[in-house]
Amino acid sequence: EVHYTATPTGSPAFGSKFSKGFLRARQNSESDLETALGSLFRSGSKKNLLIDATEALFDAIENQDISQCQSLLEEQDIDLNARNEDDLNPLDLAVMLNDSIAFLLLQYGAKDSLKYFKDPRLREKHLLNLKKQADREWRAIGEILSPTTNTKEMEKQMLKWRVKSQFFDKLLRNLRKASPPGTPRGVSLIVSSDRSLTVRFSEPEVTNGAIATRYKIEWSKEEHFTPEVGEFIMCDLRHKEYTIPDLDKGQKYFVRVSAFNMKGFGSPKAAPSYAIPSSWHDCNNTQPRFQGCTIQMEIILAEMNQAFSVQQHETVTAPGTPIANSKRSIK
């Protein structure tokens, strides 16, 4: 039998839950006790729980605590696509609060929500709805406050919703102050094979109030990009380079890159010059180093086989050799 003694803390509801769970657990084995306590603590108040790492990350972002964000990302296995109760993922929230935290999240592979990329206006619409909901909640609580109600608890709830309303106000102000980002820096283009080119770049020097979370890479055979041959949207920004595949050998290609933040795409920046998918053999009109080697090896092998056959025949038929005498005896 397991004996366990504890003094419950917190609200009366928590104490009642603890007592019932405790009495049941005393009658069970040690494993049953652990199960009962685990269920109890999961249903307890947030202050008495181990805060989930993802929730802790959201709290750190809201408090703009970059040290805590760094620690959580290094030590915990966090789903960076998880959403909070306001239907925002960590990067969605960080880009409206703190560029340094947003940049840190990007280094760990965080991505912004696809729906806000497809239509950046949805972000402001969503924040307005969240603010309206928060305002409705605290005003409704204020209207029913009376001496006969649990004033302390009601005031606590009203304060919670007023704080949320002010928080959404802050996000809206930051969103409205921002504008599309500047052009990417250091756009360069190199030949990577006779069918591909690699483009490299850095983040814009001017963010205009919101860090870039995606990049668009475009390529064309025409300097004015009309028509465009293809494009690629990069959302994993841990490595700012992209190899463009399946290009036509010996054809000129022009490439440009534009950055995207929560207000949309900025102006594109083109690579200083075009590039041509090719190999060094195309540049100096030399044959590839190993061209025709297979045929040459087959010719050499055939000549070696022929020489070996002749030598073997001469050895076998030469008078007085052991092999020749052996063959005569067999006959």
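This is a predicted model: local features need pLDDT of at least 70, side-chain atom pairs count only at pLDDT 80 or more; totals for chains, interfaces and linings use all residues.
## The chain as a whole

The chain has 12 helices and eight strands, and of its 331 residues 35% count as buried. If one looks at the contacts between residues at least 6 apart in sequence, 63% of them join residues at least 24 apart.

## Helix 3 and helix 4

Helix 3 (53–62) is mostly covered, since seven of its 10 residues are buried. These buried residues are Ala53, Thr54, Ala56, Leu57, Phe58, Ala60 and Ile61, and they pack against helix 4, helix 5 (90–94) and helix 6. At the start of helix 3, the backbone nitrogen of Thr54 has a side-chain oxygen of Asp52 within 2.9 Å, while just after the helix Gln64 takes a positive phi of about 55 degrees.

Helix 4 (residues 66–75) has buried residues as well, namely Cys69, Leu72 and Leu73. Because they cover an arc of only 95 degrees around the axis, they lie on the same side of helix 4.

## Cysteines

How many disulfides does the structure hold? The structure holds zero disulfides, a disulfide being, in general, a covalent bond between the sulfur atoms of two cysteines.

## Aromatic rings and charges

The structure holds eight aromatic pairs. One of them is formed by Phe254 and Tyr274, whose ring centres are 5.7 Å apart and whose planes stand at 65 degrees, so the pair is edge-to-face. Phe254 lies in strand 6 (residues 254–261), and Tyr274 lies in the loop between strand 8 (269–270) and helix 10 (280–284), so the pair ties together parts that are 20 residues apart in sequence. The two partners have their own accessibility values: Phe254 counts as buried at 16%, and Tyr274 is partly exposed at 37%.

Ring pairs also link Phe117, Phe260 and Phe265 into a cluster. Phe117 has a further neighbour in Arg214, which lies over the face of its ring at 4.6 Å from the ring centre. In another place, the charged end of Arg162 sits over the ring of Trp138, at 4.2 Å from the centre of that ring.

## Two residues followed in detail

Lys131 has its place in helix 8 (residues 121–144). Is Lys131 buried or exposed? At 18% relative accessibility, Lys131 counts as buried, because the cut-off for buried is under 20% relative accessible area. Its side chain and that of Asp169 are joined by a polar contact of 3.3 Å. Leaving aside residues up to four places away in sequence, Lys131 touches Ser165, Phe168, Asp169 and Leu172.

Val206 lies in the loop between strand 2 (196–202) and strand 3 (214–220), and it is partly exposed, with a relative accessible area of 44%. When residues up to four places away in sequence are not counted, Val206 touches Pro181 and Gly182. The C-alpha atom of Val206 is separated by 9.7 Å from that of Arg185, a residue 21 places apart from Val206 along the chain.

The relative accessible areas given above for single residues are gathered in this table.

| Residue | Relative accessible area | Class |
|---|---|---|
| Phe254 | 16% | buried |
| Lys131 | 18% | buried |
| Tyr274 | 37% | partly exposed |
| Val206 | 44% | partly exposed |

Methods:
Residues are numbered from 1 along each chain as its sequence is written. Side-chain values use heavy atoms; hydrogens and water are left out. A disulfide is a pair of cysteine sulfur atoms within 2.5 Å. Rings of Phe, Tyr and Trp (its six-membered ring) pair if their centres lie within 6.5 Å; planes under 30 degrees apart count as stacked, over 60 as edge-to-face and the rest as tilted. Helices (H or I, at least four residues) and strands (E, at least two) are DSSP runs, numbered from the N terminus. Buried means under 20% relative accessible area, exposed over 50%, partly exposed in between (1.4 Å probe, protein chains only). A charge sits over a ring if NZ of Lys or CZ of Arg is within 6 Å of the ring centre and within 35 degrees of the ring normal. The arc is that of the directions from the helix axis to the C-beta atoms. Contact means heavy atoms within 4.5 Å. A polar contact is a pair of N or O atoms within 3.5 Å; within protein, one must be able to donate a hydrogen and the other to accept it, and residues adjacent in sequence count only if both atoms are side-chain atoms.
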